[in-house]
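Please read the following note with the sequence and the model open side by side. The points move from the whole chain to particular sites.

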Amino acid sequence: LHAIAHTLSQGKRALVLTPEIALTPQLVRRFRGRFGEGIAVLHSGLSLGERYDEWRRIRRGEVDIVIGARSAIFAPLDNLGIIVVDEEHEASYKQSEGVTYNARDLALVRGKLEKATVVLGSATPLITTFHAAKEGRFHYLHLPERVQGRPMPETRILDIRKLKGVTFSPEMIASIAENIEKGGQTLLFLNRRGFATFLLCKDCGHVFRCPNCSVTLTHQRAKQRHFCHYCDYSLPAPSICPECNGTDIGLFGRGTERVEDEVRELFPDARVARMDSDTTTGRGGHARILKQLENGSIDILIGTQMIAKGHDYPGVTLVGIVSADATLNIPDFRSAERTFQLVSQVMGRAGRGDSPGKVIIQGISYDHYALLRAAAHDYEGFYDEEIAFREDAGYPPFSHLAMIVISGTAEKAVEKGAQDAARSLREERQNLKIRAEILGPAPAPLAKVRGRFRWQILLKARNRTELKRLLHTFQREWNPPRILRTVIDVDPVDTL
Ligand SMILES: [Zn+2]
Ligand SMILES: [Zn+2]
């Protein structure tokens with residue numbers, strides 16, 4: 001806010017981007033309270049007419065500050081002095097359908113073109129952002145104090161390898177019971193549904209990963225094998241753990257509904273609610289549950305990502321992460337980074353009121369650095385370990401990635417199309433003498449979306465110009481059957 005005030009005092013204008021979900025009336029009120037009415041707000045909830053009106057006000061120069069979600073990066077503000085990208089690590093800055101762009105990246109481009117300062121803000125910056133700051137390409141400003149100087153919650157990480165067939169460890173159950181007794185509210189956090197299965201040794205916690213790509217393997221029931229979806233490495237269902245010779249190997253994953261049943265059984269007198277995309281469909285579903293939480297008519301709220309973001313819950317004094325493993329083992333090279341962000345966010349939900357609160361994290365991989373560092377509020381420590389992994393495995397910022405997804409309703413045709421595409425990429429790579437890795441084709445982890453089968457090819461190159469040259473040639477030469485759709489995503493924010 002200081003930086004914005006300073007910009008305005010020099011007669012320049014400001015553009016503030018926030019993730020859609022954080023663009024709340026409170027935020028807008030805070031800006032109006034400080035800067036008056038010369039503010040335009042752009043978000044997807046506006047009708048076309050409202051949006052047009054806001055754009056006209058901006059174009060006529062009646063507005064000094066524009067606040068908006070990702071598309072606001074295109075707002076026709078002139079004399080721009082500063083662009084603020086709040087929560088710069090959010091994947092929602094990327095528009096992946098239609099015309100693809102990443103508003104965070106465009107902010108840097110626009111800032112350069114219009115000689116405006118760009119501020120990327122986050123408590124958990126992207127590894128690539130922090131790397132750029134360390135290399136001196138960005139200037140790094142550290143804000144050490146938690147908002148209003150409140151103490152961070154007490155955090156415990158529990159080893160749940162020995163839990164068989166139940167979701168909650170005795171310590172978690174005791175903490176919830178104690179919290180209810182004290183009149184506090186509890187948030188139980190779960191990963192999104194349906195996509196949390198991976199292969200695991202239940203004796204030692206060993207998670208099966210691709211030896212080439214370090215991402216978790218995904219199970220394909222029809223083929224009875226576990227696949228790497230980057231390079232197509234696969235493994236038949238193993239019977240012995242290579243780490244401990246244990247034989248209790250199985251798929252891991254659990255949905256929100258079952259957890260809700262268990263909670264109701266354990267705490268029959270508690271008022272339990274669930275918030276996920278099923279219970280919040282329709283306008284106001286989300287707000288209604290939050291209202292109930294706020295006025296104290298919910299004791300335990302179970303939810304997905306949704307509850308981790310943006311909102312303040314003053315009555316919440318205990319936050320439980322039911323399984324940190326679900327995020328830690330998403331088959332994506334950024335799974336550790338996502339976990340660190342998520343755990344940090346969830347921790348921020350506890351003790352925002354008067355009491356500091358408590359956080360309990362359950363995990364089979366209870367000793368993973370993403371969890372330990374998040375629990376210790378140690379971003380830089382996390383960065384040091386994660387950047388070593390990225391360098392070792394050749395992931396960004398040490399390479400540039402592009403994902404090519406081929407999809408269609410006929411499974412065989414998609415598979416063949418993906419193989420043809422990979423072959424032609426490899427030929428072009430050789431002809432153009434380009435240094436790039438071509439991984440796959442392999443079925444995507446989300447192998448079927450809305451009736452369309454999906455296969456993918458991952459390209460990895462140190463040199464961005466060479467990567468673009470290869471993609472360019474591929475696009476020119478690639479002539480697939482018309483029933484197939486080909487999507488090329490440069491710098492994908494996820495690879496699912
Ligand atoms: Zn084992
Ligand atoms: Zn692989």
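1. The protein contains 14 helices and 22 strands. Helices (H or I, at least four residues) and strands (E, at least two) are DSSP runs, numbered from the N terminus. The model is predicted: local features need pLDDT of at least 70, side-chain atom pairs count only at pLDDT 80 or more, and totals for chains, interfaces and linings use all residues. Residues are numbered from 1 along each chain as its sequence is written, chains are lettered from A and ligands numbered from 1 in the order in which they are written, and side-chain values use heavy atoms, with hydrogens and water left out.

2. Along the principal axes, the C-alpha atoms fill a box of roughly 60 × 60 × 45 Å.

3. Of the 496 residues, 50% are buried. Buried means under 20% relative accessible area, exposed over 50%, and partly exposed in between (1.4 Å probe, protein chains only).

4. Which residues coordinate the zinc ion (ligand 1)? The donors are Cys201 (SG), Cys204 (SG), Cys241 (SG) and Cys244 (SG), at 2.3 Å. Donors are N, O and S atoms within 2.8 Å of the metal (3.2 Å for Na, K and Ca); water is not among the atoms, so sites may look incomplete. Along the chain, the donors of ligand 1 follow the spacing C-x2-C-x36-C-x2-C. Cysteine 204, in the loop between strands E10 (198–201) and E11 (218–220), and cysteine 244, in the loop between strands E13 (234–236) and E14 (249–252), are 40 residues apart and link distant parts of the chain.

5. The site of ligand 1 is tetrahedral because its four donor atoms subtend angles of 106 to 112°. Four donors count as tetrahedral if all angles lie between 85 and 135 degrees. The ideal angle for four tetrahedral donors is 109.5 degrees.

6. The zinc ion (ligand 2) is coordinated by Cys210 (SG), Cys213 (SG), Cys228 (SG) and Cys231 (SG), at 2.2 to 2.4 Å. The arrangement around ligand 2 is tetrahedral, with angles of 106 to 115°.

7. Are the cysteines buried or partly exposed? Cysteine 213 counts as buried because its relative accessibility is 3%, whereas cysteine 204, at 26%, counts as partly exposed.

Definitions and conventions: Four donors count as tetrahedral if all angles lie between 85 and 135 degrees; four count as square planar and six as octahedral if opposite donors are over 155 degrees apart and all others between 65 and 115; anything else is irregular.
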